[in-house]
Amino acid sequence: KEANMNGYKKYKAYMVEHGIKQKDIADLLGISVAKVNQALNGRKNADFTGKEIKKICETFNISSDIFLS
């Protein structure tokens, strides 16, 4: 399955509620904050990979379903 924009909106809300910063995600994945921002805001060709989503979910103990709903 592919992540969708509604899922990213839910994940952004989750980040705010739990004090997770884009820099935290960037550091975790070894990518730039700009790339995290682009992915979260639906920029073309800037989506997270399946491995990146899995790592985010495992690290922050959330279901990957949040990205798909």
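**View 1. N61, an exposed residue in a loop.** N61 is exposed, with a relative accessible area of 70%. Here, exposed means over 50% relative accessible area, buried means under 20%, and partly exposed lies in between, using a 1.4 Å probe and protein chains only. You will find N61 in the loop between α4 and α5. Its phi is near 55°, which is a positive value in a residue other than glycine. Please keep in mind that this is a predicted model, where local features need pLDDT of at least 70, side-chain atom pairs count only at pLDDT 80 or more, and totals for chains, interfaces and linings use all residues. Residues are numbered from 1 along each chain as its sequence is written, and side-chain values use heavy atoms, with hydrogens and water left out.

**View 2. S64, a partly exposed residue in a loop.** Like the residue in the previous view, S64 sits in the loop between α4 and α5. S64 has 34% relative accessibility, so S64 counts as partly exposed. Which residues does S64 touch, leaving aside its neighbours within four places in sequence? They are I53 and C57, where contact means heavy atoms within 4.5 Å. I53 and S64 are 11 residues apart along the chain, and their C-alpha atoms are separated by 7.0 Å.

**View 3. The whole protein chain and its helices.** Step back for a moment: the protein chain has 5 helices and 0 strands. Helices (H or I, at least four residues) and strands (E, at least two) are DSSP runs, numbered from the N terminus. Read from the N terminus on, the elements run α-α-α-α-α. The protein chain has 69 residues, of which 33% count as buried. Take the contacts between residues at least 6 apart in sequence: 55% of them join residues at least 24 apart.

**View 4. Helices α2 and α3 where they cross.** Helix α2 covers residues 22-29 and helix α3 covers residues 33-40; their axes come within 8 Å and cross at roughly 110°. That makes α2 roughly perpendicular to α3. On this scale, angles under 35 degrees count as roughly parallel, over 145 as roughly antiparallel, 65 to 115 as roughly perpendicular and the rest as oblique. The axes themselves are lines fitted to C-alpha atoms, for helices over the stretch in contact, and angles run from 0 to 180 degrees between N-to-C directions. From α2, the residues in the contact are Q22, K23, I25 and A26, and from α3 they are V33, V36, N37 and L40. Sorted by class, this contact has 5 nonpolar, 2 polar and 1 charged residues. Ala, Val, Leu, Ile, Met, Phe, Trp, Tyr, Cys and Pro count as nonpolar, Asp, Glu, Lys and Arg as charged, and the others, Gly among them, as polar.

**View 5. A26, a buried residue of helix α2.** Now zoom in on A26, which belongs to helix α2. Is A26 buried or exposed? With 3% relative accessibility, A26 counts as buried. Setting aside neighbours within four places in sequence, A26 is in contact with I31, S32, V33 and V36. The C-alpha atoms of A26 and V36 are separated by 6.2 Å, and these residues are 10 apart along the chain.

**View 6. Helices α2 and α4 packed together.** The axes of α2 and α4 are 10 Å apart and pack at an angle of about 115°. Their crossing is right-handed. I25, L28 and L29 in α2 meet E52, K55, I56, T59 and F60 in α4. By class, this contact of α2 with α4 divides into 5 nonpolar, 1 polar and 2 charged residues.

How values were computed. A crossing is left-handed if the near helix is turned anticlockwise from the far one by less than a right angle, and right-handed if clockwise.
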